[in-house]
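Student: I'm new to this one and would like to learn how to read it. Can you walk me through a helix and a pocket?

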Amino acid sequence: MGLIDFNISSEVQLLSEATIDSERKIIAILKVLSESAESLGSITIARELERRGIFLSERAVRYHLRITDERGYTQPLGRNGRTITPLGLDELRIALAPDQVGFILERIELLAFHTTFDPYKRSGNIPVNISLFDKDTFRSAIDAMQDAFRAGLCASELVATAQEGEKLGGIVIPSGKIGFATVCSVAVNGVLLKHGIPIDSKFGGVLEIKDLKPRRFVAIINYSGTSLDPSEQYILAKMTSVNEVVKSGNGRILANFREIPAPSRSMVEELMKALKETGIGGVYLLGNTSEPVCQIPIGLNRVGIVLLGGLNPVASAVEAGFQVDNIAESGIIDFDQLSSFWEL
């Protein structure tokens, strides 16, 4: 009897180990898909996994992709391969949380690297946030966001939309939803990086506004210490009052904090001017050398930058009672896909 119990226990253990191994492979595949702006086939995924030290045959990749399709983590696009879904991104974030505390910082750096937008040529790829609205309430949500866009509480007035089944910024829009893309503040990181200016992404926060002027950060989440996007969490926690800022000049908005080397300040000013001419702003405050910005101390020979959160208009819609699923830093799109919010 004891021998039988031992054999059963061994089989259970083997099954458990096989399941854990399979789940690890699924997460690895999802991570590859999440880092690509395009849909990928099994051959490409297998090659990318091998580059990362994970050896799976093309057949094995296809097997695991069938599992991710069944779970709703991936969306098959025929001969164009697979793309990750919002559900897949959620699963990836949860699975990576214990191992990759700095997942968001890694994501920011990756998107900045993939940014090819040139403000002087007005062309290239630019990072975006994706917000998923119910199809039936989208038009009303657009109305609710107008004041925030009109007040300039956004990274840009340029947006993009997509219907269910269409792809937007690396995300396939689920059934019953409309995808709404807003320019992500990481666009500033990418443009500066392409011009040889190093930029240090510090944190995402909630910025208190008093008499239409930035006062202080009242909440801070360091990018290096989180696997969740700060703006998403602040919106979920209802910590913003964007609509109050629009009405009275007092309230709380989403903002991000960066630092640059002091000698690059004049060059950054020129690039910010060029970006603004293309319809992309986002820089709310550019500090002076080694001087505190919104009560945040700045290092020696460094300059602080406060960037407006790209999801501020979406936060205003949530404040108005609309249900929204946000996927910040969700990918890149071609600049030509963007159009003015006022054309919607």
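Tutor: Let's take a helix, then a pocket. This is a predicted model, where local features need pLDDT of at least 70, side-chain atom pairs count only at pLDDT 80 or more, and totals for chains, interfaces and linings use all residues. Residues are numbered from 1 along each chain as its sequence is written, and side-chain values use heavy atoms, with hydrogens and water left out.

Student: Which residues of helix α2 are buried?

Tutor: An α-helix has 3.6 residues a turn, so residues three or four places apart point the same way. Helices here are DSSP runs (H or I, at least four residues), as strands are (E, at least two), numbered from the N terminus. Buried means under 20% relative accessible area, exposed over 50%, partly exposed in between (1.4 Å probe, protein chains only). In α2, residues 42-51, the buried ones are Ser42, Ile45, Ala46, Glu48 and Leu49. Looking down the α2 axis, these fall within an arc of 165 degrees (directions from the axis to the C-beta atoms), so they line one face. Arg47 and Arg51, on the other side of α2, are exposed.

Student: What comes just after α2?

Tutor: Glycine 53, with a positive phi of about 85 degrees.

Student: Which element gives the most to the lining of the largest pocket?

Tutor: On a 1 Å grid over the protein atoms alone, a pocket is an open set of points where a 1.4 Å probe fits, with protein on both sides within 12 Å along at least five of seven lines; lining residues have an atom within 4 Å of a point. Here α4 gives the most, with five residues. Among the 22 lining residues, Glu232, Leu236, Val324, Asp325 and Asn326 are the closest to the centre.
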